[in-house]
Amino acid sequence: MPTSHEIPATHEAMVWGYIDAATPPILRVASGDIVTLHSFPAGGAEILPEQRELVPDAYREAIEALPQGPGPHFITGPVYVEDAAPGDVLQIDILETSVWMDWGFVAILPLLGTLPDAFTEYETVRPTIDRERQVCIMPWGTQIPLDPFFGIIAVAPPPAWGRCGSPVPRIFGGNMDNKELRPGTTLYLPVFNEGALFYAGDGHGVQGDGEVCLTALETGCSGTFRLTVRKDLDFDRPFAENKTHLIAIGLNEDLDDAAKEAVAEMVKHVCKRTSLTRNQAYMLISLAGNLRVTQLVDGNKGVHMMLEKSLL
């Protein structure tokens, strides 16, 4: 039987602004075990609300105690998964995600976002979160249903890469900001280190495809993941699926190249799961695959393709 583990929301269990292979594991688990963790919003003291009672002591302690790397994200981990080795794949079943804070923030910041030259009146707002009704309430009154997910899900990068800043998603996952990575979805990541070294953080209460102004509803989320080592898979890039769809993921500085990566990945996975030729798979996804802009704001832009499994 798999064992369930819970990682408390403390600075001892987190890094701030980076992902690497050198940070000692905070937990060791067996393949197939379940891990529950809790995240803080990205950013530092500058994004906190004036009402001190709204900010958990552990969040303030993390801001004060952790040295900040090149990014703004608090990330829980790493978790060492027994038997994982370079060349394997870590299967991450996303079992549950929920918002545990009563506020979040949305920001327009200098030189960032999709239209940095057009939006120079910088602003941060802090929507109220009604967890009972599962909505966030914008300052002007609009109510948006919550749809929480973790912006960052990762394994540690190759050791030779050293410390990687948290903002840029890469082949180890990271800040993909893909709203399809919600409960019911399985993410596959290639493993580059002994133990895989799993990280997760950057809780989002809700986000649109594109994340165009720079942020989602940045807030505190809790998540439960099943971590399974797969030695029978040869994936060399992030890939995901849910009950109904395959989800191919492209990440590149150039949006066209990110789209090409997502299309090429979908062709490859369709061919693996069917007897279709590459040409037939390419034609199938041209008719039935849907390319979506994941995010435009993280250095490497994201594009993902959705394809209904029923068509296989």
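Me: Which strands does helix H3 lie across, and how do you know how it runs relative to S22?

Reply: Keep in mind that this is a predicted model. Helix H3 (residues 278-288) lies across S21 and S22. Its direction comes from an angle between fitted axes, counted from 0 to 180 degrees, and against S22 that angle is about 95°. Helix H2 (residues 255-273) lies across S19, S20, S21 and S22, at about 145° to S20.

Me: What makes S1 and S21 edge strands?

Reply: The open sheet has nine strands in the order S1-S5-S18-S7-S16-S19-S20-S22-S21, with mixed pairing. Strand S1 (4-6) and strand S21 (290-295) each pair on one side only, and that makes them the edges. From one strand to the next, the twist averages 25°.

Me: How do you know that S7 and S18 are paired?

Reply: Pairing takes at least two bridges. S7 (residues 89-99) and S18 (residues 221-230) are joined by 10 bridges and run antiparallel, so they pass that cut-off. Thr97 stands opposite Gly223 in S18. S7 is also joined to S16, by five bridges, again antiparallel, with Ile92 opposite Leu187.

Me: Why is S16 called mostly covered?

Reply: A residue counts as buried under 20% relative accessible area, and five of the five residues in S16 (residues 186-190) are buried. Thr186, Tyr188 and Pro190 point one way, while Leu187 and Leu189 point the other way. In a regular strand, side chains alternate between the two faces of the sheet.

Me: What makes Ile92 stand out in the largest nonpolar core?

Reply: That core has 53 residues, and Ile92 is among those that touch the most other members, along with Leu90, Ile153, Leu187, Phe198, Phe225 and Leu227. The largest share, five residues, comes from strand S13 (residues 149-155). Setting aside neighbours within four places in sequence, the contacts of Ile92 include Ile153, Leu187, Phe198, Phe225 and Leu227.

Me: How do you know that the buried residues of H1 are on the same side?

Reply: The buried residues of H1 (residues 57-65) are Tyr59, Arg60, Ala62 and Ile63. They cover an arc of only 155° around the axis, so they sit on the same side of H1. Asp57 and Glu64, on the other side, are exposed. Among what covers the buried residues are strand S2 (14-16) and strand S6 (74-81).

Notes
Residues are numbered from 1 along each chain as its sequence is written. This is a predicted model: local features need pLDDT of at least 70, side-chain atom pairs count only at pLDDT 80 or more; totals for chains, interfaces and linings use all residues. Side-chain values use heavy atoms; hydrogens and water are left out. Buried means under 20% relative accessible area, exposed over 50%, partly exposed in between (1.4 Å probe, protein chains only). Helices (H or I, at least four residues) and strands (E, at least two) are DSSP runs, numbered from the N terminus. The arc is that of the directions from the helix axis to the C-beta atoms. Contact means heavy atoms within 4.5 Å. A nonpolar core is a set of buried Ala, Val, Leu, Ile, Met, Phe, Trp, Tyr and Cys residues joined through side-chain atoms within 4.5 Å.
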